[in-house]
Amino acid sequence: MPGQLLSKIDALKDTALELHSKLVSIPAIGPTNNGGGEKDKADYLTSYLKEHGFGEVKSYNAPDDRVECGYRPNLVTILPGQDRSKTLWIISHMDVVPVGDLSLWNNDPFTLVQDGDDIYGRGTEDNHQGIVSSILAARALKECGMTPGCNVGLIFVSDEETGSEYGLEYMLKEHENLFKKNDLFLVPDSGSADSSMVEVAEKSTVWLKVTVEGKQCHASTPEHGVNSLVAAAALIVEIPELHFHFDEQDELFSPPYSTFIPTKKEANVENINTMPGKDVFYIDCRVLPNYDLKEVIEQVEGMGNYVAEEFGVKVTVEIDTKNQAAPQTSIDAEIVEKTIFAIKEIYGVDAKACGIGGGTVAAHLRERGYQAVVWSTLLNQAHQPNEKGSLANTLGDAKVMVLLPF
């Protein structure tokens, strides 16, 4: 049985290229990024699935008056299995990020270019590969006349790139009756080039905005002012001290410790001969799940109070983004074991469960008690100019997916 399915996926290589090409040609940029949304791509996928014998393709539309059609579509289609009480859900997203600086692209971002196994275009890897792989897996099952052990559900969501409020989060809030607690969830939207990374957990995230206020004056008479830049610099160099306050490690993650990185700094004065009176910078904190983010914020505020007293400035710490980590998926969960087994069968790789510092839509599932993994085989080209995907990875990941419902 597996051999027939795997051969069928190999035979769908040209189909994979055709799908990639069509998906790249349909920009699906959300309104937050000044785009028109995902409707055109959803319409194409609906027609494609129906043309190739899929049953009902239902669109769950999240209202959004920022786009012309008034909604953000989320598509669902299900292949019935032998056990209809459980579903393997494969969740990919239709939206892509903007192209950025067009001069950095070698070709039109929305025209697929093939060079051997490499395929170039916006979205080829993020997240068209997941879409195409899941469709190939489902088509192989249908065209080989095989009924999977459980239902196989494909979900193509909107709004992953800008928060998922109109995508998976909407589905879970408004249509959670679709899902059962014993369902299995695969999100093919993060991974490694060697296929070995099966993500089961995420660190907590907090981004902090730090404002340092002194007194602006002429640089030739510094005694008349208070230099906010010097005070801000003093606080910035204190940030690594957070590692000593939050020093636990967890080998599930790479790196296995919490990270606290000063990043963006806003402009202060425009001319060299003015001493600044206000500086603003930001800190990106990725914190192991066992810590409460409130403790991190309080520690930064304490550092700010010390610098304020030492330099005679006012320091304000504000929360830009805060996400306490969702509970992790157990490394012994059925979806984890099935995914690791299938990766070994297809890629010959000993994959392992791991945690990441970034965030994925799987967090929305884990918050509600569902067992989910994030996995795919990626070149990690997401959001880059000349974004590149791989046909071999598309086919290989489809083979992994087709083994999971058995």
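Here is a short walk through a few spots in this structure. It's a predicted model, where local features need pLDDT of at least 70, side-chain atom pairs count only at pLDDT 80 or more, and totals for chains, interfaces and linings use all residues. Residues are numbered from 1 along each chain as its sequence is written, and side-chain values use heavy atoms, with hydrogens and water left out.

Let's begin with the nonpolar cores, meaning sets of buried Ala, Val, Leu, Ile, Met, Phe, Trp, Tyr and Cys residues joined through side-chain atoms within 4.5 Å. "Buried" is under 20% relative accessible area, "exposed" is over 50%, and "partly exposed" is in between (1.4 Å probe, protein chains only). The largest core has 88 residues, and L45, I135 and F156 have the most contacts inside it. Its largest share, 8 residues, comes from helix α4 (residues 124-143). A second, separate core has 22 residues, among them V76, I91, Y166 and V187. Helices (H or I, at least four residues) and strands (E, at least two) are DSSP runs, numbered from the N terminus.

Next, look at K203, in the loop between β10 (197-202) and β11 (204-213). K203 is buried but has no salt bridge, and the nearest side chain of opposite charge, D250, is 9.3 Å away. For a salt bridge, a side-chain nitrogen of Lys or Arg must be within 4 Å of a carboxyl oxygen of Asp or Glu; in counting charge, Lys and Arg are positive, Asp and Glu are negative, and His and the chain ends are not counted. What does the side chain of K203 reach at 2.6 Å? That's the backbone oxygen of Y257. The backbone oxygen of P255 is 3.0 Å from a polar atom of the K203 side chain.

Another cis bond runs from D126 to N127, with omega near 15 degrees, and N127 sits in helix α4. Most peptide bonds are trans, and most residues other than glycine have a negative phi.

On the phi side, S164 has a positive value of about 75 degrees although it isn't a glycine. S164 lies in the loop between β8 (150-157) and α5 (168-174), and counts as buried because its relative accessible area is 2%. N34 also has a positive phi, near 65 degrees, but N34 is exposed, at 76% relative accessible area.

Finally, H364 lies in helix α10 (residues 362-366) and counts as buried because its relative accessibility is 14%.

Conventions. A polar contact is a pair of N or O atoms within 3.5 Å; within protein, one must be able to donate a hydrogen and the other to accept it, and residues adjacent in sequence count only if both atoms are side-chain atoms.
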